[in-house]
Amino acid sequence: MRIIVCVKQVIDPDLPPAKFRIDEQTNRVIPPEGMPPVINPYDALAIEAALRIKDKQDARIIVVTLGDKSSEDVIRRSLAMGADEGVIISDSTFGGLDGFGTADILSQVIKKIGDYNLILCGRQAADWDMGIVGSLIAEYLSVPVITRAKGLEVIDGKVRVERIIQDTIEVFETEFPVLVTVSSELGQPRIPSAWGIIDAARKEIPVWTTKDIEFDLGRVGIKAKRNPLLKLSLVSYERNCEFVTGENTAEVARKLATKIVETKLI
Amino acid sequence: MTDLREILVVGETDDGKLAGITKELLGGAKRLAEPLGSKINLLLIGGESIPLAREGLISGADRVYIADNPAFSEFNSESYTHLISEFCKKLNPVLCLIGHTDAGQEVAPRVAVKLWAGLCMGCIEVRVEPEQGRFIQTRPVYGGKALAEYSSLPGRIQIDTVRPKSMAPGAFQEDKKGEIIKITEEIGSFLTRIRLIRREKQETEGIKLEEAKVIVSGGGGVGSKEGFKLIKDLAQLLKGAIGATRVPVDEGWVPHSLEIGQTGKIVSPDLYIAVGISGATQHITGIMSSKYTVAINKDSNANIFKVSNLGAVADYRELLPSLIENLKVLIQ
């Protein structure tokens with residue numbers, strides 16, 4: 001079977017809030033110094049989900065990213081984890097894509113790759129947090145979608161997906177082709193092996209441009225943005241923290257209990 | 001062209017009642033409708049909706065549409081997407097508000113594709129600029145580190161999913177009159193390609209997180225499933241609910257239903273006690289409307305202290321038993 005996984009490069013979500021900067025003139029996030037971008041953590045889980053299928057049966061995993069030259073890193077990381085091939089679609093010519101534009105182009109890329117059974121995406125990207133691209137690709141390709149998978153199983157040419165939403169466990173089944181978005185409940189993504197890293201470094205990664213796929217700038221370009229971004233601003237949740245101190249834990253506990261009762265909130 | 005006179009709220013139910021989020025959306029819709037002179041339409045999907053329709057009217061709706069065909073009695077992403085899209089095509093609302101719930105997050109993007117609509121997910125505020133006939137939506141981005149404001153495009157339907165607890169419900173109007181309209185027409189032939197094999201509701205004991213006045217939450221620093229015993233003891237003493245960050249959920253120490261934050265629940269208790277929580281923005285964004293936050297963490301540099309009102313630098317294993325004993329005495 002053939003599995004296509006869509007991945008995105010993002011600013012490390014573990015970046016401490018104090019180091020997070022934005023340019024208020026251009027409404028852009030300033031990439032932090034000394035902290036390289038990473039594969040979107042949910043997309044790493046999508047790769048992991050694909051690899052767990054490949055662990056059990058014959059599968060070819062093709063990783064796709066929309067980005068610039070630096071996005072090669074996320075493809076190499078995916079290959080090092082065990083994916084088979086990767087494609088970069090250079091986004092510079094599209095100029096400012098929103099989720100709809102991204103999904104539109106990715107669906108064209110997936111069509112060109114063709115012959116797929118399963119498309120996997122992370123449930124959302126850790127930068128703009130919209131969580132829509134997977135569902136949109138599915139709509140554009142007219143394939144069914146199951147979002148936020150905890151686990152996937154391929155049985156007799158069908159895929160079974162378990163997910164947890166709020167207080168409910170759900171299990172779905174559908175025929176191929178299908179798009180599934182993967183959530184954090186899947187577990188941890190594997191760490192690439194040394195051999196995997198060496199192997200990945202040797203692989204050619206083609207870069208596709210606007211010449212390689214069909215697209216319509218009226219549909220996907222900056223003029224087609226459905227919701228212009230007016231303002232991007234930092235947010236502070238800071239409060240003045242009063243620290244309770246004491247000679248020993250017993251004293252801290254006593255003072256803390258008193259303070260909590262004094263709030264009259266219990 | 002969309003019709004400025006119509007605003008749509010897509011309703012949800014919870015234990016047979018109108019969901020809290022739906023009342024919040026109706027309250028928010030009322031404030032947006034006033035300057036535009038718009039009517040508020042509530043769409044209720046699923047069976048047994050007449051008592052709910054009354055509740056919708058007194059919570060602020062001018063018209064309630066009921067799609068009570070048995071085909072809609074259980075949430076199904078494909079059939080709900082179809083119904084909401086077809087309904088929007090007829091009503092032509094300028095704005096469609098959907099809860100940023102599991103179901104809402106699933107259907108909103110799919111409806112947006114079908115309607116060529118604007119779409120903002122997880123909004124915490126929606127404002128109206130009546131002169132321009134547009135809406136401004138604010139939503140947290142980058143895991144809550146920044147806020148982004150987006151404009152809708154005049155003439156195009158705007159779909160917003162709104163986070164729970166971000167809009168205030170309106171005042172009840174017991175004598176509120178309004179129309180209740182059944183959608184009886186054919187649902188059409190939509191594809192349901194996905195079969196539900198199993199659906200199991202996990203019963204959570206005690207108070208619901210979303211409604212709790214007091215929450216005691218544990219993070220990765222709690223270290224084990226056993227560690228949550230102390231969290232539970234404290235929560236029970238304070239008649240509160242138990243919460244968690246993502247790490248304890250991913251590690252399997254507590255069920256997913258206890259997760260608070262960007263990928264879990266949004267809560268707004270009076271008192272939030274964070275135990276062994278480092279304070280990643282992805283978690284903080286889910287507790288930001290808590291009135292008073294207490295942090296207990298071994299690491300004095302943990303970010304959680306920066307966003308708390310009261311802090312104690314201590315190992316929770318030593319502190320909590322003693323804190324519980326002291327509180328027992330003080331509460332009595």
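Okay, let's start in strand 16 of chain B, where A274(B) is the bridge partner of S217(B). When I say strand, I mean a DSSP run of E with at least two residues, and a helix is a run of H or I with at least four; both are numbered from the N terminus. That bridge sits between strand 14 (residues 214-218) and strand 16 (residues 271-275) of chain B, which pair in the parallel sense over 5 bridges. Two strands count as paired if DSSP finds at least two bridges between them.

Quick housekeeping: this is a predicted model, with local features needing pLDDT of at least 70 and side-chain atom pairs counting only at pLDDT 80 or more, while totals for chains, interfaces and linings use all residues. Residues are numbered from 1 along each chain as its sequence is written, chains are lettered from A and ligands numbered from 1 in the order in which they are written, and side-chain values use heavy atoms, with hydrogens and water left out.

How many bridges join strand 15 of chain A to strand 18 of chain B? There are 2, and the strands run parallel. F243(A) has G311(B) as its bridge partner there. Moving along, strand 17 and strand 18 of chain B are joined by 4 bridges, also parallel, and I296(B) stands opposite A312(B).

Now, what lies across these strands? For angles, axes are lines fitted to C-alpha atoms, for helices over the stretch in contact, and values run from 0 to 180 degrees between N-to-C directions. Contact, by the way, means heavy atoms within 4.5 Å.

On to the other sheet, an open one of 10 strands with mixed pairing, ordered 13(A)-7(A)-6(A)-1(A)-8(A)-12(A)-9(A)-10(A)-11(A)-13(B). Its edges are strand 13 (207-208) of chain A and strand 13 (195-201) of chain B; each has a single partner strand, so one side of each lacks a neighbour in the sheet. Inside it, strand 6 (residues 60-67) and strand 7 (residues 85-90) of chain A run parallel, joined by 6 bridges, with T65(A) partnered by I88(A). Helix 3 of chain A packs on this sheet, and its direction makes about 145° with that of strand 6 of chain A.

Let me stay with helix 3 of chain A (residues 99-113). Is it mostly covered or mostly open? Mostly covered: 13 of its 15 residues are buried, meaning under 20% relative accessible area with a 1.4 Å probe, protein chains only. At its N-terminal end D98(A) is the cap, with a side-chain oxygen 3.2 Å from the backbone nitrogen of F100(A). Just after the helix, G114(A) takes a positive phi of about 65°.

Last stop, the largest nonpolar core: of its 58 residues, I89(A), I137(A) and I159(B) touch the most other members. A core here is a set of buried Ala, Val, Leu, Ile, Met, Phe, Trp, Tyr and Cys residues joined through side-chain atoms within 4.5 Å. Helix 3 of chain A gives the most to this core, with 7 residues.

Conventions: Buried means under 20% relative accessible area, exposed over 50%, partly exposed in between (1.4 Å probe, protein chains only). A polar contact is a pair of N or O atoms within 3.5 Å; within protein, one must be able to donate a hydrogen and the other to accept it, and residues adjacent in sequence count only if both atoms are side-chain atoms.
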